[in-house]
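Please look over the sequence and the structure before reading on.

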Amino acid sequence: NFSDDRSWLAVEVETARRHMQSGARWFYWIAGLSLINAIAAATNSTWSFLAGLGITQFISGLAAALSNDLGDSGAVMIVAFIFNVLVAGFFVFLGVFAHKGHSWAFIVGFVVYALDALIFLAVQLWLPLAFHAFVFYCLYKGFAANQKLHRLESEMATTST
């Protein structure tokens, strides 16, 4: 029955859209937690979230070392914080486009996030590396749902004609 096919497709489209958006939201989590880590580092806090980016932790650590060498230069910490905001902003940017269903945003995110994981691998921090693997899996599920969503929307368009 044509009506049953359309309602089944509508349900499948909505389910795929929800899963895609769930995966895309991880870009916002990555950005937010990394920014909180950057704030913690800028305020000389000793804690950080496990889920943050390695590159923002590297930038903050480098800035702290330079500040020590230069005699507590606040300017170095400000510049580092600006770089960290730009990195977090990049992940927000990816999140916006992934949330809209752009496959390229997921793919670019995979590549950049995998490169970031190499930082934790290089310094042998296994817990953050494991968390990166988990988030990578969540991003992949969002990407796969996005691919399915595009197929279903195409199928829906052909059944309505």
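The points below are grouped by helix. The model is predicted, and the values given here are computed from it.

**Helices α2 and α3**
- Helix α2 covers residues 54-70 and helix α3 covers residues 74-99; their axes come within 9 Å and cross at roughly 170°.
- Angles over 145 degrees count as roughly antiparallel, so α2 is roughly antiparallel to α3.
- On the α2 side, the contact includes Ile55, Ile59, Ala63, Leu66 and Leu70.
- On the α3 side, the residues met by α2 are Val76, Met77, Ala80, Phe83, Asn84 and Val87.
- The contact residues comprise 11 nonpolar, 4 polar and no charged.

**Helix α4**
- Helix α4 has 20 residues (residues 103-122), which should span 28 Å at 1.5 Å a residue; the end C-alpha atoms are 29 Å apart, in agreement with that figure.
- Ser103, Ala105, Phe106, Gly109, Phe110, Tyr113, Asp116, Ala117 and Phe120 are buried in α4.
- Viewed down the axis of α4, the buried residues fall within an arc of 145°, so they line one face of the helix.
- Leu115 and Ala122 are exposed on the other side of α4.

**Ala16 in helix α1**
- Ala16 lies in helix α1 (residues 2-42).
- Ala16 counts as buried because its relative accessibility is 4%, and buried means under 20%.
- Leaving out residues up to four places away in sequence, Ala16 touches Ala145, Lys148, Leu149 and Leu152.
- Ala16 and His150 are 134 residues apart along the chain, and their C-alpha atoms are separated by 9.1 Å.

Technical notes: Residues numbered from 1 in each chain as written. Predicted model: local features only at pLDDT ≥ 70, side-chain atom pairs only at ≥ 80, totals over all residues. Heavy atoms only, no water. Axes fitted to C-alpha atoms, helices over the stretch in contact; angles between N-to-C directions. Helix = DSSP H or I, 4+ residues; strand = E, 2+ residues; numbered from the N terminus. Parallel < 35°, antiparallel > 145°, perpendicular 65-115°, else oblique. Contact = heavy atoms within 4.5 Å. Nonpolar A, V, L, I, M, F, W, Y, C, P; charged D, E, K, R; others polar. Expected span 1.5 Å × (residues − 1). Buried < 20%, exposed > 50% of the residue type's maximum accessible area, 1.4 Å probe, protein only. Arc of directions from axis to C-beta.
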